[in-house]
Every structure is written in structure tokens, then in C-alpha cells.
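Thanks for coming, everyone. Please take a look at the sequence and the model before I start.

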Amino acid sequence: MTAELGPVPARALPASARAPGKCILFGEHAVVHGAPALILALDLHTQVVVTRPSAGGAAGPAPVADNPYLAAALTLAGRGPTDLEVRAVSRLPRAAGLGSSAAFVAALSAVLSADAGGLDRPGLAQRAFAVERAAQGVGSPGDTSASVAGGYITVNGPAATGPLLWEVRAGSERWDVRRAPDPGWSWVVAYSGIPRSTAEAVRAVGERLGRPDGPALLQRFADVAARGIAAVAAGDRGATGHLLTENQSLLRDAGVSHPRLEALIEAAAPASEGAKLTGAGCGGSIVALPVPGREVDLMRRLARAGAVPFPVTPAAGAALVEPVFG
Ligand code: PMV
């Protein structure tokens, strides 16, 4: 079980924080509409360094206008667009379904909250989601909560999953975030190299779910995710694999698969218990649960099929790192 992290302590600028990306194992898209999801914070991070602008500092980082997440974070923190210099390095590919924007937002929100006197972890989760929502306009708090919490979490998962970490709100919408047990598995993620827009995919699925058969489809997503959460908690690899495959067929129905993703899932089949797209789809990445002992074979198959595969294990949540001198 992942040790729960404490509050973000007070720390004046300059300061630095890092936060992990994420991989959605069950329930993407449906979670936006209240269904459960199971999400893993993965061991690829974004690190953010925030300093006060250097004197005459013309050679600063990218202007705020180029980065809606940075602009939203500064606005919500009550800062002007030129008050601070923000630099980020990340090992997460962008627009790949692996939570690069959530990791950036969680790390940046941790630094800004530390400079404002510190913040408890539920407050950081709420703040990171508010920033992502302001920048993106749509979506659930799954990505940002995974970056803040680390390990395995559920959003809208059954109470039996584990202790409630926090609830996140946006207007009349509300999501429960719970700690989920870690089965001790490693997963394989493979990036297709096809970038796509999360917001566009989320809007398209919203329209799909608005059709007459939409509520029935949403219910099937919810059932598969609830069974997936239980299978992972029970450490049942076979059942988890079947449910990954079932979840993928619902995502295909919802219109967010892609021929490249289908080809990768097919290439993975002989060495995996099951596989599905992860994140918004329409490109991006897949996640596969390897057959024990076939991890390397699985990665070879995915690489041969043209993807960038990597093994993934759980990461700790957003944390301040060593202070920055300068
Ligand atoms: O592809 P990503 O990393 O942006 O993940 C999006 C996940 C969705 O469920 C499609 C949207 C959301 O905010 O939950």
C-alpha cells in the first residue's frame, strides 16, 4: 500500500517540485460522466522550477500566453503573467494520454502553494484540478488527483476500494477519490506517436453518450470499471486482462480508438493478459498487462509494431524537492 503523503509544507521561492504522470487502467471518458475509474500514477515525472524574474530578464521561459495551464495556475494563485519564471522538464511525452499536463499542473501548484504558506493534500488536489479545468474546459479530476496522490487511486470507486483521500468539486459536479490497493504488478505502456487533443475527444464522447443508447453505454463502462477495480484489488491477472479487453471494446464503441491503437493491441495479444487504449484515445498510448515472464517479449512486439514501449510501476505523488539556489 502506498504511504500517504502529508501536506505541502511552506517554502519561499525559488522552489521546485515534481509530480508523476498517470495511466488510466479502467474508466477513461466515462469518469467524466460520473462512472468509476482506476488510475495508476506512473514513474515518469515532470519537474517544475519557479523563480522570481531575473533583473532585466528578457531571456525568460515561454510566454504565459503559449501555455494555458501556466496562465491558469498563475491567475488562480493571484499572480500576474510576468511575476514569476517557470521552467519545466519532463520525461512524459505530450498529448500521449499519460497525464503530462496534469503532472505539470500538480508540480506547479505544489510550488505556488508552498510559497503561499503550504497546503494540505486535498487542497492541492482541488487546486490542481481547478487549474486543469480552467485551461482545458472539460474533464474529470482523475489525472490531477493521480499526480497529487501517487500510487493507485479510484475516482468514484466503491467504498470497499479503500480509504477516501478527498473529494473534488467543480460547481455542482463532485468526484470521490480513494486509495486503491497496489497488486505489485508492472504494466507496459506503449506510445503510438500519434498526438491528439484531450478536449476534442472528451467532447466527442459527450455527444456520443447524449444519443438514445448513451445511458446504456455509460452503464456498461461503469460495470466494467467496477469489476476491473475488484479484479486488480484481488490480484487476479486473468480477470483483469479480460476486463481490459472489454473496456477497449466499449472505447471503440464510443469512437475513440484508432487503427494504430488496434494494431498495437493485436501485436501485444500473444504476450499480454489484455490491453486497451489509455487516456483520451484517438491516438496516444495503450496499456497492457504482461503475461508473467513475457514482459520483454511484449515490449519487443510493441516496438516492432512501431510504438515506444516502456515498463511502468507506481510512483509517489507530487512532492517538493530540494530548494533552488539562485
Ligand atoms: O489523455 P489524457 O491524459 O488527457 O486523459 C484524459 C482522460 C479522460 O477520461 C478522457 C478525460 C478526463 O479528464 O478524465
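Predicted model: local features only at pLDDT ≥ 70, side-chain atom pairs only at ≥ 80, totals over all residues.

Let's start with the ligand. Where does the ligand sit? The space it takes is the largest pocket. Which residues come nearest? There are 17 residues around the ligand, and the nearest of them are Lys22, Ser140, Arg196, Thr198 and Ala280. Two elements, strand 1 (15–26) and helix 5 (198–209), each give at least two residues to that shell.

Take Ser140. A polar atom of the Ser140 side chain is 2.6 Å from a ligand oxygen. Ala280 uses its backbone instead: a polar backbone atom there lies 2.8 Å from an oxygen atom of the ligand. How much of the ligand does the protein cover? On its own, the ligand has 380 Å² of accessible area, and the protein covers 96% of that.

Next, Ser192. Look in the loop between strand 7 (187–191) and helix 5. Is Ser192 buried or exposed? Its relative accessible area is 7%, and the limit for buried is under 20%, so Ser192 is buried.

What does the Ser192 side chain reach? A polar atom of that side chain lies 2.6 Å from the backbone oxygen of Gly284. On the Ile194 side, a polar side-chain atom of Ser192 is 3.1 Å from the backbone nitrogen of Ile194. Set aside neighbours within four places in sequence, and Ser192 is in contact with Leu261, Leu264, Gly283, Gly284 and Ser285. One more distance here. Ser192 and Pro309 are 117 residues apart in sequence, yet their C-alpha atoms are 8.8 Å apart in space.

On to Cys282. You will find it in the loop that links strand 8 (272–278) and strand 9 (285–290). Is Cys282 buried, exposed or in between? Its relative accessibility is 27%; buried needs under 20% and exposed needs over 50%, so Cys282 is partly exposed.

Which residues does Cys282 touch? Leaving out residues up to four places away in sequence, the list is Ile194, Arg196, Ala201, Gly255, Val256, Ser257, His258 and Leu261. Two links are worth noting. Arg196 is one of the residues nearest the ligand, and it also touches Cys282. Leu261 is in contact with Ser192, and Leu261 touches Cys282 as well. Pro81 is another matter: Cys282 and Pro81 are 201 residues apart in sequence and 33 Å apart in space, C-alpha to C-alpha.

Last, the backbone. Cys282 has a positive phi, near 60 degrees, and Cys282 is not a glycine. His29 is not a glycine either, and its phi is positive at about 70 degrees. Where is His29? In the loop between strand 1 and strand 2 (37–51). His29 has 5% relative accessibility, which puts it under the 20% limit, so it counts as buried.

And a cis peptide bond. The bond from Leu13 to Pro14 is cis, with omega near 0 degrees. Pro14 belongs to the segment before strand 1, and strand 1 brings us back to the shell around the ligand.

That's it from me. Questions, please.

Definitions and conventions. Residues numbered from 1 in each chain as written. Heavy atoms only, no water. Helix = DSSP H or I, 4+ residues; strand = E, 2+ residues; numbered from the N terminus. Buried < 20%, exposed > 50% of the residue type's maximum accessible area, 1.4 Å probe, protein only. Contact = heavy atoms within 4.5 Å. Near = heavy atom within 4 Å. Polar contact = N/O pair within 3.5 Å; in protein donor to acceptor, adjacent residues only side chain to side chain. Areas by Shrake-Rupley, 256 points an atom, 1.4 Å probe, with all protein chains shown as cover. 1 Å grid on protein atoms, 1.4 Å probe; cavity = no way out; pocket = protein on both sides within 12 Å on 5 of 7 lines; lining within 4 Å. Sits in = over half its atoms within 2 Å of the grid points.
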